[in-house]
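This report describes selected features of one protein structure. Please view the sequence and the model together while reading.

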Amino acid sequence: MTSRSRSIRPSERTVPAAADASPPVPRRTVVKAAAAGAALAGPLAASLPAARAATAAPAFLHGVASGDPLPDGVLLWTRVTPTPEAVPGSGLGPDTEVRWTLARDRAFTDVVARGSTLATAAADHTVKADIRGLAPATDYWFRFSAGGADSPVARTRTAPAADAAVSGLRFGVVSCSNWEAGHFSAYRHLAARSDLDAWLHLGDYIYEYGTGEYGARGEVVRPTAPAHEILTLADYRVRHGQYKTDPDLQTLHHRAPVVAIWDDHEIANDTWSGGAENHTEGAEGTWAARQAAAKQAYFEWMPVRPALAGTTYRRLRFGRLADLSLLDLRSFRSQQVTTGDGAVDDPERTLTGRAQLDWLKAGLTASDTTWRLVGTSVMISPFAVGSLPAELLGPLAELLGLPREGLALNTDQWDGYTDDRRELLAHLRAHAVRNTVFLTGDIHMAWANDVPVNAATYPLSAPAATEFVVTSVTSDNLDDIVKVPEGTVSAVAAPLIRAANRHVHWVDTDRHGYGVLDITTERAQMDYYVLSSRTAADATAAWARSYRTRSGTQRVERTYDPV
(Lines give C-alpha, C1' and ligand atoms only; values in the text may rest on other atoms or scores of the structure.)
Protein backbone atom coordinates (compact mmCIF):
# COMPACT_ATOMS: atom_id res chain seq x y z
CA MET A 1 0.00 0.00 0.00
CA THR A 2 1.48 3.32 -1.04
CA SER A 3 0.36 6.90 -1.18
CA ARG A 4 1.81 10.18 -2.16
CA SER A 5 1.45 13.58 -0.51
CA ARG A 6 2.84 16.81 -1.85
CA SER A 7 4.27 19.16 0.75
CA ILE A 8 7.11 21.68 0.86
CA ARG A 9 10.31 19.87 0.00
CA PRO A 10 13.83 20.91 1.02
CA SER A 11 14.35 22.33 -2.46
CA GLU A 12 11.34 24.61 -2.10
CA ARG A 13 11.77 27.99 -0.53
CA THR A 14 9.73 30.22 1.72
CA VAL A 15 10.90 33.77 2.26
CA PRO A 16 9.59 36.65 4.38
CA ALA A 17 7.31 38.99 2.51
CA ALA A 18 8.90 42.05 0.97
CA ALA A 19 7.32 45.47 1.26
CA ASP A 20 5.74 45.07 -2.16
CA ALA A 21 3.63 42.15 -3.17
CA SER A 22 4.30 40.39 -6.44
CA PRO A 23 1.30 40.36 -8.75
CA PRO A 24 -0.90 38.09 -7.91
CA VAL A 25 -24.04 1.25 -5.60
CA PRO A 26 -24.20 -1.04 -5.26
CA ARG A 27 -22.38 -2.55 -8.18
CA ARG A 28 -23.98 -2.21 -11.57
CA THR A 29 -23.69 -5.15 -14.01
CA VAL A 30 -21.86 -3.52 -16.88
CA VAL A 31 -19.31 -4.32 -19.51
CA LYS A 32 -16.02 -2.81 -18.29
CA ALA A 33 -14.61 -0.32 -20.74
CA ALA A 34 -11.09 0.52 -21.85
CA ALA A 35 -8.10 -1.37 -20.59
CA ALA A 36 -5.43 0.43 -18.63
CA GLY A 37 -3.36 1.15 -21.70
CA ALA A 38 -6.18 2.58 -23.79
CA ALA A 39 -5.79 6.03 -25.26
CA LEU A 40 -6.73 8.80 -22.84
CA ALA A 41 -6.86 11.78 -25.16
CA GLY A 42 -10.67 12.06 -25.26
CA PRO A 43 -11.33 11.62 -21.54
CA LEU A 44 -8.44 13.89 -20.63
CA ALA A 45 -9.72 16.71 -22.80
CA ALA A 46 -13.20 16.18 -21.35
CA SER A 47 -11.85 16.84 -17.86
CA LEU A 48 -11.21 20.48 -18.75
CA PRO A 49 -13.74 23.24 -19.42
CA ALA A 50 -14.38 23.08 -23.15
CA ALA A 51 -13.78 26.77 -23.71
CA ARG A 52 -10.43 26.67 -21.92
CA ALA A 53 -8.93 23.32 -22.95
CA ALA A 54 -6.77 24.97 -25.58
CA THR A 55 -5.93 28.07 -23.59
CA ALA A 56 -2.42 29.50 -23.61
CA ALA A 57 -0.24 27.90 -20.96
CA PRO A 58 0.34 27.98 -18.10
CA ALA A 59 -3.12 28.14 -16.60
CA PHE A 60 -4.88 27.34 -13.34
CA LEU A 61 -7.92 25.55 -14.72
CA HIS A 62 -8.77 23.61 -11.55
CA GLY A 63 -8.92 26.49 -9.13
CA VAL A 64 -7.15 26.65 -5.79
CA ALA A 65 -7.98 25.27 -2.38
CA SER A 66 -6.88 25.20 1.23
CA GLY A 67 -7.39 22.70 4.00
CA ASP A 68 -6.57 21.29 7.43
CA PRO A 69 -6.34 24.65 9.24
CA LEU A 70 -4.02 24.86 12.25
CA PRO A 71 -3.62 27.73 14.72
CA ASP A 72 -0.40 28.74 13.00
CA GLY A 73 -0.86 27.41 9.50
CA VAL A 74 -2.87 26.02 6.64
CA LEU A 75 -2.30 23.79 3.62
CA LEU A 76 -2.58 25.48 0.21
CA TRP A 77 -3.23 23.55 -3.02
CA THR A 78 -3.48 24.09 -6.75
CA ARG A 79 -2.92 22.35 -10.06
CA VAL A 80 -1.15 24.14 -12.90
CA THR A 81 -1.60 23.23 -16.56
CA PRO A 82 1.84 24.23 -17.92
CA THR A 83 1.06 23.45 -21.57
CA PRO A 84 -2.24 22.70 -23.32
CA GLU A 85 -1.48 19.00 -23.63
CA ALA A 86 -0.55 18.62 -19.93
CA VAL A 87 -4.07 17.68 -18.89
CA PRO A 88 -4.73 15.58 -15.78
CA GLY A 89 -3.48 12.02 -16.02
CA SER A 90 -1.52 12.60 -19.23
CA GLY A 91 1.96 12.49 -17.72
CA LEU A 92 2.85 15.27 -20.14
CA GLY A 93 4.22 18.75 -19.56
CA PRO A 94 7.43 20.30 -18.27
CA ASP A 95 8.41 20.90 -14.67
CA THR A 96 7.06 24.34 -13.81
CA GLU A 97 7.92 26.68 -10.96
CA VAL A 98 4.78 27.75 -9.12
CA ARG A 99 4.88 30.67 -6.72
CA TRP A 100 2.43 31.29 -3.91
CA THR A 101 1.60 34.48 -2.06
CA LEU A 102 -0.33 34.83 1.20
CA ALA A 103 -1.70 38.14 2.46
CA ARG A 104 -3.95 39.58 5.14
CA ASP A 105 -6.10 41.32 2.55
CA ARG A 106 -7.67 40.40 -0.75
CA ALA A 107 -5.81 43.17 -2.56
CA PHE A 108 -2.45 41.73 -1.45
CA THR A 109 -1.23 45.02 0.02
CA ASP A 110 -0.25 43.26 3.27
CA VAL A 111 1.70 40.17 2.18
CA VAL A 112 2.84 38.01 5.08
CA ALA A 113 4.59 35.15 3.26
CA ARG A 114 5.53 33.92 -0.18
CA GLY A 115 7.40 31.01 -1.62
CA SER A 116 7.67 28.65 -4.54
CA THR A 117 7.55 24.98 -5.39
CA LEU A 118 7.96 22.82 -8.46
CA ALA A 119 4.99 21.29 -10.24
CA THR A 120 5.99 18.06 -11.97
CA ALA A 121 4.29 15.47 -14.14
CA ALA A 122 5.18 12.90 -11.48
CA ALA A 123 2.63 14.59 -9.19
CA ASP A 124 0.21 15.40 -12.04
CA HIS A 125 1.34 19.04 -11.79
CA THR A 126 -0.43 19.43 -8.45
CA VAL A 127 1.35 21.34 -5.71
CA LYS A 128 0.87 21.87 -2.00
CA ALA A 129 2.39 24.45 0.31
CA ASP A 130 2.12 23.82 4.05
CA ILE A 131 2.35 27.33 5.43
CA ARG A 132 3.31 27.93 9.07
CA GLY A 133 4.03 30.96 11.23
CA LEU A 134 0.57 32.49 10.81
CA ALA A 135 -1.70 34.15 13.36
CA PRO A 136 -4.53 32.07 14.85
CA ALA A 137 -8.22 32.64 14.03
CA THR A 138 -7.29 34.94 11.14
CA ASP A 139 -8.55 35.30 7.58
CA TYR A 140 -5.91 35.20 4.84
CA TRP A 141 -6.03 35.44 1.07
CA PHE A 142 -3.75 33.53 -1.27
CA ARG A 143 -2.99 32.92 -4.91
CA PHE A 144 -0.54 31.00 -7.06
CA SER A 145 1.44 32.28 -10.05
CA ALA A 146 3.35 30.59 -12.86
CA GLY A 147 4.85 31.95 -16.07
CA GLY A 148 3.08 35.27 -15.75
CA ALA A 149 -0.33 33.75 -15.04
CA ASP A 150 -2.14 34.14 -11.73
CA SER A 151 -4.61 31.74 -10.18
CA PRO A 152 -7.91 32.87 -8.73
CA VAL A 153 -7.65 34.56 -5.32
CA ALA A 154 -9.04 32.53 -2.44
CA ARG A 155 -9.78 33.05 1.24
CA THR A 156 -8.65 30.72 3.96
CA ARG A 157 -8.73 30.86 7.75
CA THR A 158 -6.51 29.52 10.50
CA ALA A 159 -7.86 27.70 13.54
CA PRO A 160 -8.06 29.41 16.94
CA ALA A 161 -5.10 29.10 19.31
CA ALA A 162 -5.14 25.82 21.20
CA ASP A 163 -5.86 27.50 24.54
CA ALA A 164 -8.22 30.18 23.20
CA ALA A 165 -11.65 30.62 24.76
CA VAL A 166 -13.68 30.46 21.54
CA SER A 167 -17.26 31.70 21.63
CA GLY A 168 -18.42 29.94 18.49
CA LEU A 169 -17.52 27.89 15.41
CA ARG A 170 -19.41 27.26 12.20
CA PHE A 171 -18.76 24.47 9.68
CA GLY A 172 -20.45 23.47 6.46
CA VAL A 173 -21.01 19.70 6.28
CA VAL A 174 -21.42 17.70 3.04
CA SER A 175 -21.11 14.19 1.66
CA CYS A 176 -21.69 12.08 -1.45
CA SER A 177 -21.27 14.32 -4.49
CA ASN A 178 -21.82 12.31 -7.66
CA TRP A 179 -20.97 14.25 -10.84
CA GLU A 180 -23.32 12.33 -13.13
CA ALA A 181 -26.32 12.76 -10.85
CA GLY A 182 -26.54 16.53 -11.02
CA HIS A 183 -25.02 19.89 -10.21
CA PHE A 184 -23.24 20.78 -6.99
CA SER A 185 -25.58 23.56 -5.92
CA ALA A 186 -25.06 22.64 -2.27
CA TYR A 187 -21.50 23.90 -2.58
CA ARG A 188 -22.66 27.16 -4.11
CA HIS A 189 -25.10 27.84 -1.28
CA LEU A 190 -22.49 27.06 1.37
CA ALA A 191 -20.03 29.39 -0.35
CA ALA A 192 -22.60 32.19 -0.40
CA ARG A 193 -22.78 32.20 3.40
CA SER A 194 -19.28 33.67 3.85
CA ASP A 195 -19.39 32.82 7.56
CA LEU A 196 -17.72 29.40 7.66
CA ASP A 197 -14.61 28.68 9.69
CA ALA A 198 -14.19 25.59 7.47
CA TRP A 199 -16.26 22.97 5.69
CA LEU A 200 -16.20 19.24 6.22
CA HIS A 201 -16.43 16.71 3.42
CA LEU A 202 -17.25 13.36 5.00
CA GLY A 203 -16.49 11.18 2.02
CA ASP A 204 -17.44 10.28 -1.57
CA TYR A 205 -15.97 13.52 -2.90
CA ILE A 206 -15.70 11.68 -6.24
CA TYR A 207 -17.33 8.50 -7.58
CA GLU A 208 -15.50 5.76 -9.45
CA TYR A 209 -18.29 4.49 -11.73
CA GLY A 210 -18.31 4.70 -15.50
CA THR A 211 -20.82 6.83 -17.38
CA GLY A 212 -24.36 5.52 -16.99
CA GLU A 213 -23.56 3.18 -14.10
CA TYR A 214 -24.75 5.52 -11.34
CA GLY A 215 -26.63 8.57 -12.49
CA ALA A 216 -29.77 10.39 -11.39
CA ARG A 217 -32.77 8.05 -11.28
CA GLY A 218 -30.93 6.05 -13.91
CA GLU A 219 -30.25 9.08 -16.15
CA VAL A 220 -26.96 10.86 -16.75
CA VAL A 221 -27.17 14.59 -16.07
CA ARG A 222 -23.57 15.19 -17.12
CA PRO A 223 -21.20 12.40 -18.21
CA THR A 224 -18.02 11.56 -16.34
CA ALA A 225 -14.48 11.54 -17.64
CA PRO A 226 -13.10 9.07 -18.35
CA ALA A 227 -16.26 7.36 -19.55
CA HIS A 228 -15.21 4.00 -18.14
CA GLU A 229 -14.92 2.98 -14.49
CA ILE A 230 -11.69 4.39 -13.12
CA LEU A 231 -8.98 1.82 -12.40
CA THR A 232 -5.52 3.26 -13.01
CA LEU A 233 -3.60 6.21 -11.62
CA ALA A 234 -4.28 8.13 -14.83
CA ASP A 235 -8.00 7.35 -14.53
CA TYR A 236 -8.24 8.61 -10.95
CA ARG A 237 -6.32 11.76 -11.85
CA VAL A 238 -8.69 12.47 -14.75
CA ARG A 239 -11.74 12.02 -12.52
CA HIS A 240 -10.37 14.27 -9.77
CA GLY A 241 -9.49 16.83 -12.42
CA GLN A 242 -13.01 16.81 -13.81
CA TYR A 243 -14.57 17.35 -10.38
CA LYS A 244 -12.23 20.26 -9.73
CA THR A 245 -13.61 22.05 -12.82
CA ASP A 246 -17.08 22.28 -11.30
CA PRO A 247 -17.74 26.01 -10.74
CA ASP A 248 -19.68 25.55 -7.51
CA LEU A 249 -17.00 23.31 -6.03
CA GLN A 250 -14.30 25.76 -7.05
CA THR A 251 -16.23 28.63 -5.46
CA LEU A 252 -16.54 26.84 -2.13
CA HIS A 253 -12.84 25.94 -2.16
CA HIS A 254 -12.13 29.61 -2.79
CA ARG A 255 -14.16 30.74 0.23
CA ALA A 256 -13.04 28.51 3.13
CA PRO A 257 -10.64 25.70 4.00
CA VAL A 258 -11.87 22.13 3.68
CA VAL A 259 -11.37 19.27 6.13
CA ALA A 260 -11.90 16.03 4.20
CA ILE A 261 -11.88 12.30 4.74
CA TRP A 262 -12.45 9.60 2.18
CA ASP A 263 -15.10 6.93 2.09
CA ASP A 264 -15.36 4.10 -0.42
CA HIS A 265 -16.08 5.79 -3.73
CA GLU A 266 -12.80 7.67 -3.76
CA ILE A 267 -11.48 4.13 -4.35
CA ALA A 268 -14.30 1.66 -5.17
CA ASN A 269 -17.73 0.82 -3.79
CA ASP A 270 -17.70 -0.92 -0.38
CA THR A 271 -13.93 -0.76 -0.05
CA TRP A 272 -12.29 -2.86 2.66
CA SER A 273 -8.62 -3.45 3.42
CA GLY A 274 -8.26 -6.33 0.97
CA GLY A 275 -10.65 -5.44 -1.82
CA ALA A 276 -14.00 -3.92 -2.73
CA GLU A 277 -17.44 -4.95 -3.92
CA ASN A 278 -16.80 -2.92 -7.08
CA HIS A 279 -13.48 -4.54 -7.94
CA THR A 280 -12.86 -7.76 -9.87
CA GLU A 281 -9.38 -9.05 -9.16
CA GLY A 282 -7.47 -9.78 -12.32
CA ALA A 283 -10.00 -8.43 -14.80
CA GLU A 284 -9.53 -4.99 -13.28
CA GLY A 285 -5.92 -5.41 -12.24
CA THR A 286 -4.79 -6.07 -8.71
CA TRP A 287 -6.51 -4.51 -5.74
CA ALA A 288 -3.18 -3.38 -4.31
CA ALA A 289 -2.39 -1.41 -7.47
CA ARG A 290 -5.85 0.09 -7.76
CA GLN A 291 -5.96 1.15 -4.10
CA ALA A 292 -2.47 2.65 -4.31
CA ALA A 293 -3.42 4.59 -7.44
CA ALA A 294 -6.63 5.92 -5.89
CA LYS A 295 -4.87 7.04 -2.72
CA GLN A 296 -2.00 8.64 -4.59
CA ALA A 297 -4.40 10.65 -6.76
CA TYR A 298 -6.44 11.64 -3.69
CA PHE A 299 -3.45 13.06 -1.85
CA GLU A 300 -2.24 14.80 -4.99
CA TRP A 301 -5.60 16.44 -5.67
CA MET A 302 -6.91 17.15 -2.16
CA PRO A 303 -5.65 19.73 0.39
CA VAL A 304 -5.30 17.03 3.04
CA ARG A 305 -2.40 16.23 5.34
CA PRO A 306 -2.14 12.45 5.81
CA ALA A 307 -1.40 11.63 9.44
CA LEU A 308 0.09 8.31 8.33
CA ALA A 309 1.03 7.18 4.85
CA GLY A 310 -2.09 6.08 3.05
CA THR A 311 -4.67 7.17 5.65
CA THR A 312 -6.91 10.12 6.40
CA TYR A 313 -7.22 9.76 10.17
CA ARG A 314 -5.94 12.75 12.08
CA ARG A 315 -7.09 15.31 14.64
CA LEU A 316 -7.57 19.09 14.47
CA ARG A 317 -8.19 21.44 17.40
CA PHE A 318 -10.26 24.63 17.45
CA GLY A 319 -9.33 26.35 20.69
CA ARG A 320 -10.85 25.11 23.90
CA LEU A 321 -14.26 24.82 22.24
CA ALA A 322 -13.81 21.72 20.06
CA ASP A 323 -11.47 19.17 18.63
CA LEU A 324 -12.24 17.11 15.55
CA SER A 325 -11.11 13.50 15.20
CA LEU A 326 -11.25 12.39 11.57
CA LEU A 327 -11.47 8.69 10.78
CA ASP A 328 -10.34 6.44 7.95
CA LEU A 329 -12.88 3.62 7.89
CA ARG A 330 -11.73 1.97 4.66
CA SER A 331 -7.99 1.25 4.96
CA PHE A 332 -8.08 -1.13 7.92
CA ARG A 333 -11.53 -2.69 7.97
CA SER A 334 -12.34 -6.37 7.66
CA GLN A 335 -14.47 -7.49 4.74
CA GLN A 336 -18.19 -6.85 5.08
CA VAL A 337 -20.33 -9.85 5.96
CA THR A 338 -23.81 -10.86 4.85
CA THR A 339 -26.74 -9.14 6.50
CA GLY A 340 -27.97 -11.17 9.45
CA ASP A 341 -24.68 -13.08 9.73
CA GLY A 342 -23.61 -13.47 13.35
CA ALA A 343 -20.08 -12.57 12.25
CA VAL A 344 -21.00 -8.92 12.72
CA ASP A 345 -20.29 -9.54 16.43
CA ASP A 346 -16.95 -11.28 15.86
CA PRO A 347 -14.31 -9.48 17.98
CA GLU A 348 -11.66 -10.47 15.44
CA ARG A 349 -13.35 -8.31 12.82
CA THR A 350 -12.69 -4.58 12.81
CA LEU A 351 -13.90 -1.40 11.15
CA THR A 352 -11.22 0.94 12.45
CA GLY A 353 -8.19 -1.27 12.96
CA ARG A 354 -6.66 -1.65 16.41
CA ALA A 355 -4.27 1.29 16.23
CA GLN A 356 -6.90 3.76 15.02
CA LEU A 357 -9.46 2.70 17.63
CA ASP A 358 -6.91 3.06 20.42
CA TRP A 359 -5.92 6.47 19.04
CA LEU A 360 -9.56 7.57 18.96
CA LYS A 361 -10.33 6.36 22.49
CA ALA A 362 -7.20 7.97 23.91
CA GLY A 363 -7.89 11.27 22.16
CA LEU A 364 -11.50 11.45 23.33
CA THR A 365 -10.48 10.71 26.91
CA ALA A 366 -7.61 13.18 26.97
CA SER A 367 -9.52 16.00 25.29
CA ASP A 368 -9.98 19.12 27.40
CA THR A 369 -12.29 20.85 24.91
CA THR A 370 -15.99 21.44 25.48
CA TRP A 371 -16.95 19.38 22.40
CA ARG A 372 -15.42 16.24 20.92
CA LEU A 373 -16.39 16.01 17.26
CA VAL A 374 -15.78 12.81 15.32
CA GLY A 375 -15.90 12.79 11.54
CA THR A 376 -17.02 9.30 10.48
CA SER A 377 -17.81 8.35 6.91
CA VAL A 378 -20.44 5.74 7.88
CA MET A 379 -23.23 5.88 10.47
CA ILE A 380 -22.42 4.68 14.00
CA SER A 381 -26.02 4.65 15.30
CA PRO A 382 -27.76 1.26 15.07
CA PHE A 383 -30.17 0.98 12.15
CA ALA A 384 -32.77 -1.77 12.15
CA VAL A 385 -35.01 -1.80 9.08
CA GLY A 386 -36.87 -5.09 9.37
CA SER A 387 -40.23 -3.40 9.94
CA LEU A 388 -40.29 -1.60 6.59
CA PRO A 389 -43.00 -2.68 4.12
CA ALA A 390 -42.00 -5.09 1.38
CA GLU A 391 -42.25 -2.49 -1.40
CA LEU A 392 -39.46 -0.47 0.24
CA LEU A 393 -37.10 -3.31 1.07
CA GLY A 394 -35.74 -3.66 -2.46
CA PRO A 395 -34.95 0.03 -2.97
CA LEU A 396 -33.44 0.29 0.49
CA ALA A 397 -31.30 -2.74 -0.21
CA GLU A 398 -30.11 -1.12 -3.44
CA LEU A 399 -29.28 2.13 -1.70
CA LEU A 400 -27.36 0.48 1.12
CA GLY A 401 -25.73 -2.26 -0.89
CA LEU A 402 -27.57 -5.01 0.99
CA PRO A 403 -29.07 -8.29 -0.14
CA ARG A 404 -32.78 -8.11 -0.78
CA GLU A 405 -33.70 -10.47 2.04
CA GLY A 406 -33.15 -10.33 5.76
CA LEU A 407 -32.70 -6.60 6.12
CA ALA A 408 -31.75 -6.32 9.75
CA LEU A 409 -28.81 -3.94 9.43
CA ASN A 410 -26.32 -2.37 7.06
CA THR A 411 -23.09 -4.29 7.40
CA ASP A 412 -21.04 -1.59 5.65
CA GLN A 413 -21.73 0.73 8.61
CA TRP A 414 -20.73 0.30 12.26
CA ASP A 415 -23.67 -2.15 12.41
CA GLY A 416 -21.44 -4.66 10.64
CA TYR A 417 -18.65 -4.27 13.19
CA THR A 418 -20.45 -4.25 16.51
CA ASP A 419 -17.46 -5.17 18.67
CA ASP A 420 -15.63 -1.97 17.66
CA ARG A 421 -18.76 0.06 18.38
CA ARG A 422 -19.38 -1.56 21.74
CA GLU A 423 -15.77 -0.99 22.78
CA LEU A 424 -15.84 2.66 21.78
CA LEU A 425 -19.20 3.48 23.39
CA ALA A 426 -18.34 1.55 26.55
CA HIS A 427 -15.14 3.56 26.74
CA LEU A 428 -17.07 6.83 26.54
CA ARG A 429 -19.38 5.66 29.32
CA ALA A 430 -16.66 4.23 31.57
CA HIS A 431 -14.54 7.39 31.37
CA ALA A 432 -17.48 9.80 31.59
CA VAL A 433 -16.52 11.36 28.26
CA ARG A 434 -19.16 13.98 27.54
CA ASN A 435 -20.24 15.97 24.53
CA THR A 436 -19.11 13.55 21.83
CA VAL A 437 -20.82 14.32 18.51
CA PHE A 438 -20.42 12.07 15.48
CA LEU A 439 -20.67 13.82 12.10
CA THR A 440 -21.56 11.41 9.32
CA GLY A 441 -22.25 11.05 5.60
CA ASP A 442 -22.51 8.06 3.23
CA ILE A 443 -26.14 6.96 3.63
CA HIS A 444 -27.76 9.64 1.38
CA MET A 445 -30.30 10.56 4.04
CA ALA A 446 -30.43 13.15 6.83
CA TRP A 447 -30.58 11.87 10.43
CA ALA A 448 -30.49 13.25 13.97
CA ASN A 449 -29.67 10.45 16.43
CA ASP A 450 -28.83 9.64 19.98
CA VAL A 451 -26.11 6.96 20.03
CA PRO A 452 -27.21 4.35 22.57
CA VAL A 453 -24.82 1.98 24.31
CA ASN A 454 -27.60 -0.62 24.05
CA ALA A 455 -30.30 0.09 21.49
CA ALA A 456 -32.50 -2.66 22.93
CA THR A 457 -32.87 -0.86 26.26
CA TYR A 458 -33.01 2.70 24.91
CA PRO A 459 -34.40 5.09 26.15
CA LEU A 460 -34.18 3.51 29.59
CA SER A 461 -30.40 3.44 29.18
CA ALA A 462 -28.74 6.78 28.53
CA PRO A 463 -26.98 7.39 25.22
CA ALA A 464 -23.19 7.77 25.11
CA ALA A 465 -23.09 10.36 22.31
CA THR A 466 -25.12 12.05 19.59
CA GLU A 467 -24.91 11.91 15.81
CA PHE A 468 -25.80 14.27 12.97
CA VAL A 469 -25.92 12.67 9.51
CA VAL A 470 -26.08 14.80 6.36
CA THR A 471 -27.78 13.71 3.17
CA SER A 472 -26.10 13.53 -0.22
CA VAL A 473 -25.18 16.47 -2.40
CA THR A 474 -26.44 14.62 -5.50
CA SER A 475 -26.27 10.83 -5.04
CA ASP A 476 -29.51 8.83 -5.26
CA ASN A 477 -31.61 8.40 -2.15
CA LEU A 478 -34.80 6.40 -1.63
CA ASP A 479 -37.28 8.42 -3.65
CA ASP A 480 -34.78 8.51 -6.54
CA ILE A 481 -34.41 4.74 -6.56
CA VAL A 482 -38.19 4.20 -6.44
CA LYS A 483 -38.60 7.05 -8.97
CA VAL A 484 -41.46 8.75 -7.14
CA PRO A 485 -41.97 12.43 -6.24
CA GLU A 486 -39.76 13.79 -3.51
CA GLY A 487 -41.18 13.20 -0.05
CA THR A 488 -43.31 10.23 -1.07
CA VAL A 489 -41.05 7.57 0.42
CA SER A 490 -40.04 9.57 3.47
CA ALA A 491 -43.68 10.03 4.47
CA VAL A 492 -43.97 6.24 4.80
CA ALA A 493 -40.45 5.14 5.67
CA ALA A 494 -39.47 7.77 8.24
CA PRO A 495 -42.14 6.89 10.83
CA LEU A 496 -41.37 3.18 10.45
CA ILE A 497 -37.63 3.72 10.78
CA ARG A 498 -38.18 5.77 13.92
CA ALA A 499 -40.53 3.17 15.36
CA ALA A 500 -37.87 0.49 14.92
CA ASN A 501 -35.07 2.76 16.08
CA ARG A 502 -36.20 4.75 19.11
CA HIS A 503 -32.88 6.60 19.31
CA VAL A 504 -33.59 8.22 15.93
CA HIS A 505 -35.19 11.65 16.40
CA TRP A 506 -35.52 12.45 12.70
CA VAL A 507 -34.76 10.93 9.32
CA ASP A 508 -35.39 12.33 5.85
CA THR A 509 -34.91 9.62 3.24
CA ASP A 510 -35.62 11.67 0.13
CA ARG A 511 -33.97 15.05 -0.19
CA HIS A 512 -30.53 16.34 -1.18
CA GLY A 513 -28.64 19.16 0.49
CA TYR A 514 -26.11 19.99 3.19
CA GLY A 515 -25.71 20.86 6.84
CA VAL A 516 -24.37 23.79 8.82
CA LEU A 517 -22.96 22.89 12.22
CA ASP A 518 -22.87 25.74 14.73
CA ILE A 519 -21.10 25.23 18.04
CA THR A 520 -21.09 27.29 21.23
CA THR A 521 -20.15 26.32 24.76
CA GLU A 522 -23.86 25.67 25.48
CA ARG A 523 -24.84 23.52 22.48
CA ALA A 524 -23.93 21.98 19.14
CA GLN A 525 -26.62 22.55 16.52
CA MET A 526 -27.01 21.13 13.02
CA ASP A 527 -29.16 23.10 10.59
CA TYR A 528 -30.27 20.93 7.66
CA TYR A 529 -30.79 22.57 4.26
CA VAL A 530 -32.40 20.99 1.19
CA LEU A 531 -32.16 21.78 -2.51
CA SER A 532 -35.04 22.51 -4.85
CA SER A 533 -33.41 20.27 -7.46
CA ARG A 534 -30.18 18.37 -7.84
CA THR A 535 -30.33 18.42 -11.65
CA ALA A 536 -30.86 22.18 -12.12
CA ALA A 537 -27.71 24.29 -12.12
CA ASP A 538 -29.62 27.19 -10.52
CA ALA A 539 -31.27 25.17 -7.74
CA THR A 540 -32.32 27.08 -4.65
CA ALA A 541 -31.80 25.99 -1.05
CA ALA A 542 -34.16 26.15 1.91
CA TRP A 543 -33.84 25.40 5.60
CA ALA A 544 -35.57 22.13 6.48
CA ARG A 545 -34.95 21.32 10.16
CA SER A 546 -32.60 21.92 13.05
CA TYR A 547 -31.48 19.67 15.88
CA ARG A 548 -29.11 20.35 18.73
CA THR A 549 -27.49 18.65 21.66
CA ARG A 550 -27.01 20.72 24.76
CA SER A 551 -23.76 20.44 26.69
CA GLY A 552 -23.79 17.57 29.16
CA THR A 553 -26.95 15.88 27.90
CA GLN A 554 -25.72 13.41 25.25
CA ARG A 555 -29.19 13.73 23.72
CA VAL A 556 -30.58 15.30 20.57
CA GLU A 557 -33.53 17.66 20.67
CA ARG A 558 -35.36 19.59 17.99
CA THR A 559 -35.04 23.34 17.80
CA TYR A 560 -37.29 25.39 15.57
CA ASP A 561 -34.98 28.02 14.13
CA PRO A 562 -31.70 27.81 12.24
CA VAL A 563 -28.73 29.69 13.65
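The sections below treat the basis of the model, its aromatic rings and one of its sheets.

## Basis of the model

The model is predicted; local features need pLDDT of at least 70, side-chain atom pairs count only at pLDDT 80 or more, and totals for chains, interfaces and linings use all residues. Residues are numbered from 1 along each chain as its sequence is written, and side-chain values use heavy atoms, with hydrogens and water left out.

## Aromatic rings

Rings of Phe, Tyr and Trp (its six-membered ring) pair if their centres lie within 6.5 Å; planes under 30 degrees apart are stacked, over 60 edge-to-face, and the rest tilted. The count under this rule is 19 aromatic pairs. Trp179 and Phe184 form an edge-to-face pair, because their ring centres are 6.2 Å apart and their planes stand at 80 degrees. Both Trp179 and Phe184 are buried (under 20% relative accessible area, with exposed over 50% and partly exposed in between; 1.4 Å probe, protein chains only).

Ring pairs also link Trp179 and Phe184 with Tyr187, Trp199 and Tyr243 in a cluster. The charged end of Arg222 sits over the ring of Phe184, 4.7 Å from its centre (CZ of Arg or NZ of Lys within 6 Å of the ring centre and within 35 degrees of the ring normal).

## An open sheet

Seven strands form an open sheet of mixed pairing, in the order S15-S16-S17-S18-S20-S19-S21. Strands are DSSP runs of E with at least two residues, numbered from the N terminus, and two strands pair if DSSP finds at least two bridges between them. The edge strands, S15 (314–318) and S21 (504–508), each pair on one side only.

Methods
Helices (H or I, at least four residues) and strands (E, at least two) are DSSP runs, numbered from the N terminus.
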